Amino acid sequence: MNRALFLHTWRANWVRLLIVAIALAAWGSVLPIIYNAFGSQFRQLMESGAIPRQLAEFGGGDVFTLTGSVALGFIHPLSVGLNLVFAVGFAAACIAGERQRGTLEILLARPISRRVAYGTLALSAALFVGLTVGALTLGAYLGSAVTGRLAELGVGNLPILWLNGTLLFGAFAAISLGASATFDRLSPAIGVSLAVVLVSYFLDVLGQLWPDAAGLQPLSLFHYLDARADLAGLPAWGDFAVLAAVIAAAVAYALTVFPRRDLAAPS
Amino acid sequence: MDDVDVIETHGLTKQYGARRASTAVVAGPWPGAALAELDIVVREGEIFGFLGPNGAGKSTTIRLLLGFLHPTAGQASVLGRDIERDSVEIRRRVGYLPGGIAFWDNLTGERLLYELAALSGRPPVRRAALLDHLELDGDTLRRPVRTYSRGMRQKLGIIQALQHDPDLAILDEPSEGLDPLMQRAFYEILDELRGAGRTIFFSSHILSEVERVCDRVAIVRHGRLVALEDIHSLLARRKRNVEMRVEGEPPILEGVPGISDVRRAADGRLSCRLEGDVSPFLEAIAGSHVVDLTIEPASLEEVFLEFYEDV
């Protein structure tokens, strides 16, 4: 790791990180509050059969249990979008974006190997993702505490949920960093990264809503985040291993490709 | 000290994919290469000009030396280290000014120089003197770089490349965007660096600048080295433009050693090109009544154009 590059990266991103973290913490706290206010009505509605079960338990979450509402908060498009600000936005831009702007020149003209540069940016991305998922997790804790429902949450299992979420968005970040290390321009790097996320999300949602497509869910990275099981203290460690393997493969790819690439003069 | 080689290339060759072949070598053993079999030696303490038209292979060479590109064939060393194996160690002792430099524009000039020095891992011992030479004051440095003019950005580029007192500075079109006063200040900086034993590898299109600052020059065309000479030898070889007006019988200049391109006008005006020793020319015109005579050295540009022209 290069300390100067690490500090430069943090200085360049801390304001955005703060905004995203506050937004995620706020979002994380909202769903326990909604559950506290309307959970019993939602349960009655659910038990009446007016809402199909697949819709009521979207993404492994719901709003008629506290753990379900926290799980829904993790998989909801709003929180996914906010987490992707760093998992895709930062990770896809940190090499390809600098290359497109021409600023990679002055960075790599310094005594920093490409492996070290990649490693420093990967570490920064991992910490950004860890902090944004942490803010979401903290929001869930605060929302539960404010409503006096902490006993229902299983606070001791929150670190497991945080780890699972961090691995999921870390996998997206690792894939985005791999794309960033591959392309000379930002748009293909962002395009590939978003395509992976959107296809993944689509496959997971499709598998949930349509039982015949359930076999496609293991192809989605979102399938390997089970917030409710994590909060129940029954994490599927195999899912954690799958996400870790995806990260390892993406890192290995980038560490192979980036140092061997020719970086021709920007056109 | 001048015998130490700072840059040494042997058969250095770079061949890109077919997409980039438009700027490449058109004949020889590496058709399609952006750079073919480059052999140059840059000695310690000299200012070495690296010249050529656009697409000749100048940037490719610089990027190979700095590890941005991997050579297809050949070897090169910078400061005694292999460009492939020891690229990080090389960059620790090199300052680089890319052509058309880009910065992190949201930073202030001050912050940018601080961060780039930190990334270099060497203290910015020359920064204050460079700021003074190039007249970048504190108020300017406290502004975001995005508000800087082209010339101010170029000054910042020069400072970031030289502030840590590198043993070798690789400067790509360094005076681009500088006004004449700042160009002069920049030449003074180069003189100081040369005096301190630093080596400058200098790519430029401004030939008067090359004539002013360089000790030796290499000229590349279509990815191949076409000349590598001491600047004084190159200047001594250049032809002079002669114009004269005579009354009466004009001198016979055809066949005189060093004389070429003789042209005569009806009003007694005569022009020609003169190369080398002037004595045969003076002897040839001695018997004529010369009422006006002008001998001007050909511009360095004309010398270079002879190399640049297609055979």
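Predicted model: local features only at pLDDT ≥ 70, side-chain atom pairs only at ≥ 80, totals over all residues.
In general, the strands of a sheet are paired through backbone hydrogen bonds, in either a parallel or an antiparallel sense. For strand 5 of chain B, the antiparallel pairing with strand 4 (residues 73-78) of chain B extends over two bridges. Within this part of the sheet, B:Ser77 is placed opposite B:Asp82 of strand 5 of chain B.

Helix packing was examined in chain A. The packing of two helices is described by the angle between their axes and by the distance separating those axes. Helix 3 (residues 66-75) and helix 6 (residues 114-146) of chain A pack at an angle of about 150°, and their axes are 11 Å apart. Because this angle is over 145 degrees, helix 3 of chain A is classed as roughly antiparallel to helix 6 of chain A. The crossing of helix 3 and helix 6 of chain A is right-handed. Helix 3 of chain A contributes A:Leu66, A:Val70, A:Gly73 and A:Phe74 to the contact, while helix 6 of chain A contributes A:Leu136, A:Ala140 and A:Ser144. By class, the contact between helix 3 and helix 6 of chain A comprises five nonpolar and two polar residues, with no charged residues.

A further position in chain A is A:Leu78, located in helix 4 (residues 77-101) of chain A. A:Leu78 counts as exposed because 12 C-beta neighbours are found inside 10 Å. The C-alpha atom of A:Leu78 is separated by 8.9 Å from that of A:Leu24, although the two residues are 54 residues apart along the chain.

The contact between the chains takes 19 residues from chain A and 22 residues from chain B. On the side of chain A that touches chain B, the elements giving two or more residues are helix 1 (3-47) and helix 5 (104-108) of chain A. Of these, helix 5 of chain A gives the most, with four residues. By class, the side of chain A that touches chain B consists of eleven nonpolar, four polar and four charged residues.

Technical notes
Residues numbered from 1 in each chain as written. Chains lettered and ligands numbered in written order. Buried ≥ 20, exposed ≤ 12 C-beta atoms within 10 Å, placed from the backbone. Contact = placed C-beta atoms within 7 Å. Nonpolar A, V, L, I, M, F, W, Y, C, P; charged D, E, K, R; others polar. Pairing = 2+ DSSP bridges. Axes fitted to C-alpha atoms, helices over the stretch in contact; angles between N-to-C directions. Parallel < 35°, antiparallel > 145°, perpendicular 65-115°, else oblique. Left-handed = near helix turned anticlockwise from the far one by under 90°.
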